[in-house]
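Here's a quick tour of how the parts of this model pack together. Have a look at the structure first, then read on.

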Amino acid sequence: MPLICLGLEGTAHSFGAGIVTSEGVVLANEWDMLKPSQGGIHPREASRHHSDFGPSIISKAFETADINYRDIDLIAFSRGPGLGPCLRTTATMARTLAVKLGIPLVDVNHCVAHIEIGNLESGFDDPVTVYVSGGNTQVIAYAGGRFRTFGETLDIAIGNMLDVLGRHFGMPFPAGPIIEKEARAGRTFYSLPYSVKGMDISYSGMLTAAKRLFSEGIPIPDICFSVQETSFGMLAEIAERAIAHTKKKELLLTGGVARNNRLTEILSGVSERHEARFHRVSPSLAGDQGAMIAWNGILQYKSGHEIKISSSHVLPKWRTDEQDILWRK
Amino acid sequence: MSKIYYGENDMKDVILALGAESVIFKTQRWNQSFALKWRKSKPYLLEEIDSLLRKTRTSKECRTLTIARELGVRTPAVYSVDLNSYSILMDFIEGTQFKLLVERVSQKQLMELCQRFGQSIAQLHQGGVVHGDPTTSNVIVDQHLRLWLIDFGLSEMNATVEMKGVDLHLIRRALETTHWDKQELMLNATIEGYIDTAGKEAEDSISRMNEIRERGRYH
């Protein structure tokens, strides 16, 4: 009998419940995202969203999977990194269910889960992963028993940068898809601060300069085009450095911003240059959702890892490289 | 080693290193060995960005190699620079990449090398220069165990505390991804060397390094 795991994700503005088997079959993957009517995400509002909608999303996942609560063998939850209030709300639901059903609880690192669900989908074994979302921008690869961050943003995440810029233009949240559409109509390239430091990058200078272009009356499509080319170019460059450095032969693109087609095109160009295989994680598994937490829960549980309720406090600043990856040799 | 043809001269040169950013050839001129660094085009970048980067990095590298030497840091001397082909002809340094030596030397020697690395970075910082990519791949150790810094394409002048903090952060980052089993030892020795040379000024850069690590993430 395969194991069945319920995974709860709630590190930021999305709450998700996924049900996955130890054979890697996703039986259900339900989620809902808080869309603030104006401004950014407030941690307390996001946690409120999770406690309001969490229970019904979990029930829906069981309906979709067409199984009973008693059919699941373990529960996994996103322990970090993320916004404290959101993590605590999600962890509370996970603990309650684990106690109620009398089944093991597994604590999952959100970033690691993004990588492993990508590996499950792509069949990759050992990729360089570009993980891009509203809250994270990292280039990660496995080395010496851990997933190590080779490069990341030194200030704001790429998704956040796009959202802030979009808000400045008066676009609704999330602005990324609208910016992508506008950029296709862009014709003129305006040079923006291109900031690569070692394998790290910085977006704040570029964002400020892009806002200035807007106040100077430069058409939005041209700004969007210039911002995409510059910010994705920087990301591609550090991804290429990581590939050249690690000599790995697979490149995985994941996270919410993986939905962007231009970013995908640029990164597949990088992989071609290094004769590496390329995979973009499909939208339903690329964003924040429960299936990735459930799948990682299974990997960890099968390698002999579970956590006691009493020591399952959340870890808002849990770094990708702080977890021993027991399920990889 | 493979032979390749470079440019219009059809010179048969040996590839020394094939990086993400450039190809480095070992070439013979005037009966002497030189390193020729050529920045390749990155076809995945927008043409405007690509050519601007190749040009600015080539000229930055050329300039900083000389400035660094004036500050007392060993760097290869530049003989010529070509901003049309984005290439630099410089001294060929006989030695081994620090990265490769880490596993071969004794712990005592490793700490000494790291201290010297920290000292060199501090010498740059005191002169207002940041290296921009201070990894163990960009340090050559010669047979007298002297350190040579290379690869200044991402360097910057008029460095602020923030820029110096980032430079130190990049050292930590490189150690934790490449030398994870020795990262603490190596970082401590490097910082020791840094403080040794930078004195009181080291404090600000080091505390900035620690602060930078916490950014770009949820809190």
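## Two domains in chain B

In this predicted model, 14 residues of domain 1 of chain B are in contact with 13 residues of domain 2 of chain B (contact means C-beta atoms, placed from the backbone, within 7 Å). On the domain 1 side you'll find six nonpolar, three polar and five charged residues. Here Ala, Val, Leu, Ile, Met, Phe, Trp, Tyr, Cys and Pro count as nonpolar, Asp, Glu, Lys and Arg as charged, and the others, Gly among them, as polar.

Domain 1 of chain B runs 3–91 and domain 2 runs 96–212, with bounds from an automatic or database assignment. Their C-alpha centres sit 23 Å apart.

## Where B meets A

Between the chains, 27 residues of chain B are in contact with 37 residues of chain A. Helix H4 (161–178) of chain B and helix H1 (47–70) each supply at least two residues of chain B's side, and H4(B) gives the most, with five. Helices are DSSP runs (H or I, at least four residues), numbered from the N terminus. By class, chain B's side has 14 nonpolar, six polar and seven charged residues.

## A neighbourhood in chain A

Ala294(A) touches Cys5(A), Leu6(A), Gly7(A), Gly18(A), Ile19(A), Val20(A) and Ala76(A), leaving aside residues up to four places away in sequence.

## Reading the numbers

Residues are numbered from 1 along each chain as its sequence is written, while chains are lettered from A and ligands numbered from 1 in the order in which they are written. As this is a predicted model, local features need pLDDT of at least 70 and side-chain atom pairs count only at pLDDT 80 or more, but totals for chains, interfaces and linings use all residues.
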